[in-house]
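Please look over the two-chain model below before reading on. The questions that follow take up its interface, its surface and its chains in turn.

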Amino acid sequence: MTLLNLYLTFFKIGLFTIGGGLASLPLLQESVVNSGMIRQTEFIDMVAISQSTPGPIGINMATFAGFKLAGIAGGFVATLGIISPSLIIIMIIAAWMKNFASRPAVKGVMSGIRPAALGLIASAAWFILQKALFIPVSPDGESAFSIPALLLFAGLALAYRLKPASPILYIVAGGALGLLIF
Amino acid sequence: MNEMAVLYSLFFRIGLFSVGGGYVMLPMLRSELVEKRGWADDRELLDYYAIGQATPGIIAINTATFIGFKRCGIAGAVAATAGMVTPSLIIILLIAALIPSIQANPFVQKAFKGIRVAVAMLLAGTLISLARKSWKSPWEIALTAGAFAAVVAFGAAPVPIILAAGAAGWLFSRKRRARA
């Protein structure tokens, strides 16, 4: 696959991914697995690693797939491809908002979207909370409610309420305590 | 430090610590942009998220582009987005090149179990502060609850929810203005 083709493939994936990195999965599956470029098992490993390493899932997946297909240059080109649609579209919207944000119609639309966005964030938090508290207990993927996870949640929440610090500190503390209690 | 470098390093840090998707970076964005720097208020932050969700592209990248553009135009958008993707590029290229079995390491798995709990706690805390500031009437609470239920109970996709909420907001504000 030439680098130009790689760029265009991931440009298309970026363009049709709406609403979160995981939304890019079916598109990725279609363009790199179904076309025979990457094996299905490799693809599943790629998803798992992308979800559990730093950075947006979609970017991690693009870097990974690009590397598998065309080495280090491929990793860069695929990432550039997947972010290009965002850069173009969002800059147009941001420039437009500057001029139109004070219009009553735009204000009205945004007054409805804002609380709904809060609901969407709450639903994502709900799914993340389930994943955090219900932990796999057997290799075949069965999960059970974890008391240590609940206690860790309560402890971190108490620390957060008493002395709010940078989120990074809680993430590092969560990782360190995870090593001790799980 | 000039502002481009500030944008790049800020989003580099956010990219480095957002494990598991765009929502995870919300607590960090709020602490950096709203509380520490005053670059945006809670309302604007929700606007970025809503627009990032309803437009093509990865939410984290859309949000970085949006904030970078607001601060320093096109150069700012590019700097913020470049910062956001740099940690991914470095870490994933290293992992892809070196150890395919890192995922199976039991220590890595234990650490990630703890990280997931911390992420859930931070998101819950951020949600509470955002709700406190943006809920001003029962109408807003109903929209939030409706969007939450649509996803959790009915598995709805974000785009139709955002579009429907936008239409509802437009109709509601027209009615209110007509009455005033």
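**Interface, surface and fold**

Chain A and chain B together bury about 7800 Å², with 81% of that area on carbon and sulfur atoms; buried area here is the accessible area (1.4 Å probe) that two parts lose on being put together, summed over both. The model is predicted, so local features need pLDDT of at least 70 and side-chain atom pairs count only at pLDDT 80 or more, while totals for chains, interfaces and linings use all residues. Residues are numbered from 1 along each chain as its sequence is written, chains are lettered from A and ligands numbered from 1 in the order in which they are written, and side-chain values use heavy atoms, with hydrogens and water left out.

Q: Which three residues supply 9% of the area that chain A buries against chain B?
A: In the interface, 79 residues of chain A are in contact with 87 residues of chain B, contact meaning heavy atoms within 4.5 Å. The 9% share, more than any other three residues supply, comes from Leu118(A), Leu120(A) and Ile171(A).

Q: Which residue of chain B forms a salt bridge with Arg114(A)?
A: A salt bridge is a side-chain nitrogen of Lys or Arg within 4 Å of a carboxyl oxygen of Asp or Glu, and the count between chain A and chain B is one. With the closest N and O atoms 2.5 Å apart, the partner of Arg114(A) is Asp47(B).

Q: Why does Phe145(A) count as partly exposed?
A: Phe145(A) lies in strand β2 (residues 143–145) of chain A, strands being DSSP runs of E with at least two residues and helices runs of H or I with at least four, numbered from the N terminus. Buried means under 20% relative accessible area and exposed over 50%, with partly exposed in between (1.4 Å probe, protein chains only). Phe145(A) falls in that middle class because its relative accessibility is 40%.

Q: What distance separates the centres of domain 1 and domain 2 of chain A?
A: Chain A is divided into domain 1 (3–100) and domain 2 (146–182), with bounds from an automatic or database domain assignment. Taken over C-alpha atoms, the separation of the two centres is 32 Å.
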